[in-house]
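These are my notebook entries on a structure that I had not looked at before. I wrote down what I looked up, one topic at a time.

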Amino acid sequence: MTSRRGDAWLELVQLVAQVEADLGKVLQARHRLGLTEFRALELLARAPDSELRMQELAAQLGLNQSSVSRMVERLERGGLTVRDLCPDDKRGVYTVLTERGRARLEGARPDYSRALEVALEAHGGAKLLAARSAKAR
């Protein structure tokens, strides 16, 4: 037996998966970025001094330490980020957005926004978000 809340949750999870798959395809095809890489660049761009500790980046992305390290290595190979040691704690490692990374992010943002709107409309998320926004007012 299923519950209404459980059914709604499953529907929401499926919606998010479909939208994220669409976003990932657009970002990869047009900007050679995975969705998580795009989000990492976005988080770095919003952070003070465009840098975050690796642990903080992992937590904000919902990744484990190993996964975030591999992702940051890919970003570094592309010149989009660099690593820096924390001046107060030499064990602490930051990842820092480079100008090249900022330029890639800025180039990808308009495609991300358009793809998000298209995907939300295609998968029924636009109505859900509109209802959510109306409740928040």
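Entry 1: I began with Ser50, which lies in the loop between helix 2 and strand 1; helices (H or I, at least four residues) and strands (E, at least two) are DSSP runs, numbered from the N terminus. I noted that Ser50 has a positive phi of about 55° although it is not a glycine. Is Ser50 buried or exposed? I found Ser50 to be buried, because its relative accessible area is 10%, where buried means under 20% relative accessible area, exposed over 50%, and partly exposed in between (1.4 Å probe, protein chains only). Not counting residues up to four places away in sequence, Ser50 touches Leu44, Ala45, Thr95, Val96, Leu97 and Arg102, a contact being heavy atoms within 4.5 Å. I also looked up Ser50 and Ala103, which are 53 residues apart along the chain and have C-alpha atoms separated by 13 Å.

I then turned to Asp49, which lies in the loop between helix 2 (35–46) and strand 1 (51–53). Asp49 has a positive phi of about 60°, and it is not a glycine either. With 66% relative accessibility, Asp49 counts as exposed.

**Entry 2: the model as a whole.** I reminded myself that this is a predicted model, in which local features need pLDDT of at least 70 and side-chain atom pairs count only at pLDDT 80 or more, while totals for chains, interfaces and linings use all residues. Residues are numbered from 1 along each chain as its sequence is written, and side-chain values use heavy atoms, with hydrogens and water left out.

The protein averages a pLDDT of 92, and 96% of the residues score at least 70; pLDDT is the predictor's confidence in each residue, from 0 to 100. The C-alpha atoms fill a box of roughly 55 × 35 × 30 Å, taken along the principal axes. Of the 137 residues, 35% count as buried. Among contacts between residues at least 6 apart in sequence, 52% join residues at least 24 apart.

**Entry 3: Thr98.** I looked next at Thr98, whose place is in the loop between strand 3 (93–97) and helix 5 (99–123). Thr98 is buried, because its relative accessible area is 15%. Which backbone oxygen does the side chain of Thr98 reach? I found that it is the backbone oxygen of Gly79, at 2.6 Å. Leaving aside its neighbours within four places in sequence, Thr98 is in contact with Gly79, Leu80, Thr81 and Val82.

**Entry 4: Arg109.** I found Arg109 in helix 5, where Arg109 is partly exposed, with a relative accessible area of 29%. A polar contact of 2.8 Å joins the side chains of Arg109 and Glu42; such a contact is a pair of N or O atoms within 3.5 Å, and within protein one must be able to donate a hydrogen and the other to accept it, while residues adjacent in sequence count only if both atoms are side-chain atoms. Not counting residues up to four places away in sequence, Arg109 touches Phe38, Glu42 and Ala45. Arg109 and Gln14 are 95 residues apart in sequence and 24 Å apart in space, C-alpha to C-alpha.

**Entry 5: the pockets.** On a 1 Å grid over the protein atoms alone, a pocket is an open set of points where a 1.4 Å probe fits, with protein on both sides within 12 Å along at least five of seven lines, and lining residues have an atom within 4 Å of a point. The largest pocket has a volume of about 290 Å³, a volume being the space filled by probe spheres set on the points, which are joined across faces, edges and corners. Helix 1 (residues 4–31) gives the most to the lining of this pocket, with eight residues. Among the lining residues are Arg5, Trp9, Gln14 and His123.

The second largest pocket has a volume of about 160 Å³. Of the 13 residues that line this second pocket, the closest to its centre are Leu15, Val16, Val19, Leu120 and Leu129.
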